[in-house]
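Here is a briefing to read beside the sequence and the coordinates. Please keep both in view while going through the points.

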Amino acid sequence: MKKIKKIKIKINGEIKSIYQDSNLSEVINNLKIPLNKVAIELNEEIIDKKKINKIKLNKNDKIEIVHFIGGG
Amino acid sequence: MKKDSLIIANKKFNSRLIVGTGKYKSMSDCAKAIKLSGAEIVTVAVRRVNISDKNKPLLMDYIDPKKITYLPNTAGCFNSKEALRTLRLAREIGGWKLVKLEVLGDKKNLFPDMIETLKSTEVLAKEGFKVMVYCNDDPLMAKRLENSGADAIMPLAAPIGSGLGIQNKINIQIIRKQTKLPLIIDAGLGQASDATIAMELGCDGVLVNTAIAKAKKPFEMALAFKNAVIAGRQSYKSGRIDKILMGNPSSPSKGII
C-alpha cells in the first residue's frame, strides 16, 4: 500500500500534521468546528466558507479560525 | 407616552442600555445579567477558537444572536490594520455589519488612538459597515468621525474598566449639541447613577460592562443600570428646571397664619 505523505500546517498558532492533498473542509470537519459560528482565514486572507471544500492545503499554510467570545 | 426608540443605522431598539459580555464568572451568569438589564445589543469579541478543547461552551449557545443584536468589537487592537482584520472576520462569521470600532493607543490607560480610529472608520464605512466608534471626549474628533461616516459616536466617560464615571460633562454636552448621530457613553462608568447622568446630559444610550460584571451582585446591578438609564432618559425628556442661586419656597407665601 502506498503511504500517504503528511504535511505540517499551523492552525490557530498550533502546528498540526495533516495528509497531503487534504482540503480545508476536511481539516475543519475533523476539528468538529461548527461552520456557521466561525470565520476562517488562510494565510491572512478571509475564506468564503461555501468554498472550503475546493481549497487544497499546502505545507506551512497558516489557518486562523475565530468566533465570538465575551467582551466589552 | 410616545414610544422613544433608540435608532442606530436605521435599526430600532427599545432599550438604551448596551452591555458588554466580558468578565463574567460564567456564560450563564452573563446571559442572566443581560436578560435582567433588558439590553437588546451586546458587545462581543473576536478570538481564536480553542481547537484543543472542543467541549468549551460557545457564547452563541447562551446568547441567541437572533434575539439579541451582537455588536462585534475590536478590543485588543492597537492599530487600524488589526481592527480592520478583526471586523472583516466578524462580518464573515455571519453577516455582521453593525460593529464597534475600538483602536487603543496605550496599554495602561487604554485611551483610544484617534488617528488610527479615524483611518479605520473611513475604510469601514466605505466597505459598507455600520460603525459605532469608541473615541475620546473631544468634540473636534467626534465631528471628524461623523464626517468620516460613523454611525454612532461613543465617547468614553473615563478609562475602560476604571469605574470613575463621567469626567468631562462639558465636552459630552458640546458633542451632544453638535451631532444628530446616536451619542453613546462607552467605558468608565462605575455605578447606576453614572448612567443616569449620561442620559440626563442628552446621550442616547450607555454601554456598560465591568460595572455590571464585576459588581458584588451583578444581577442586581444589571437591573439597577436598566432602571437608571430609563430614569435618566425620562428626566432629560421632561426638561429640568433652571438652576438659581437663592431659595424659592415650594409652598405659597400667601395666607400664612
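The notes below take up chain A and then a sheet of chain B.

The model is a predicted one. In chain A, the secondary structure amounts to one helix and five strands, and in chain B three strands make up an open sheet with parallel pairing.

**Chain A as a whole**

- The C-alpha trace of chain A extends over about 55 × 25 × 20 Å along its principal axes.
- Chain A has 72 residues, of which 24% count as buried.

**Strand pairing in chain A**

- Strands of a sheet pair through backbone hydrogen bonds, in either a parallel or an antiparallel sense.
- Strand E1 of chain A, residues 6-11, pairs with strand E2 of chain A, residues 14-19, in the antiparallel sense, and six bridges connect the two.
- Within this pairing, A:Lys8 has A:Ser17 of E2(A) standing opposite.
- The hairpin formed by E1(A) and E2(A) leaves two residues between the strands, and A:Asn12 in this hairpin adopts a positive phi near 45°.
- E1(A) is also joined to strand E5 of chain A, residues 62-70, through two bridges, and here the strands run parallel.
- On the E5(A) side, A:Lys62 is the bridge partner of A:Lys10.

**The open sheet of chain B**

- The three strands of this sheet are arranged in the order E6-E7-E8 (chain B), with parallel pairing.
- Its edges are formed by strand E6 (98-101) and strand E8 (152-155) of chain B, each of which pairs on one side only.
- On average, and with direction ignored, neighbouring strands of the sheet are turned by 20° against each other.
- E6(B) and strand E7 of chain B, residues 130-135, run parallel and are joined by four bridges.
- B:Leu101 stands opposite B:Val133, a residue of E7(B).
- Helix H4 of chain B, residues 114-126, packs on the sheet and touches both E6 and E7 of chain B, while the direction of H4 makes about 175° with that of E7(B).

Notes:
Residues are numbered from 1 along each chain as its sequence is written. Chains are lettered from A and ligands numbered from 1 in the order in which they are written. This is a predicted model: local features need pLDDT of at least 70, side-chain atom pairs count only at pLDDT 80 or more; totals for chains, interfaces and linings use all residues. Two strands pair if DSSP finds at least two bridges between them. Axes are lines fitted to C-alpha atoms, for helices over the stretch in contact, and angles run from 0 to 180 degrees between N-to-C directions. Two residues are in contact if their C-beta atoms, placed from the backbone, lie within 7 Å. A residue is buried if 20 or more other C-beta atoms lie within 10 Å of its own, exposed if 12 or fewer, and partly exposed in between; C-beta atoms are placed from the backbone.
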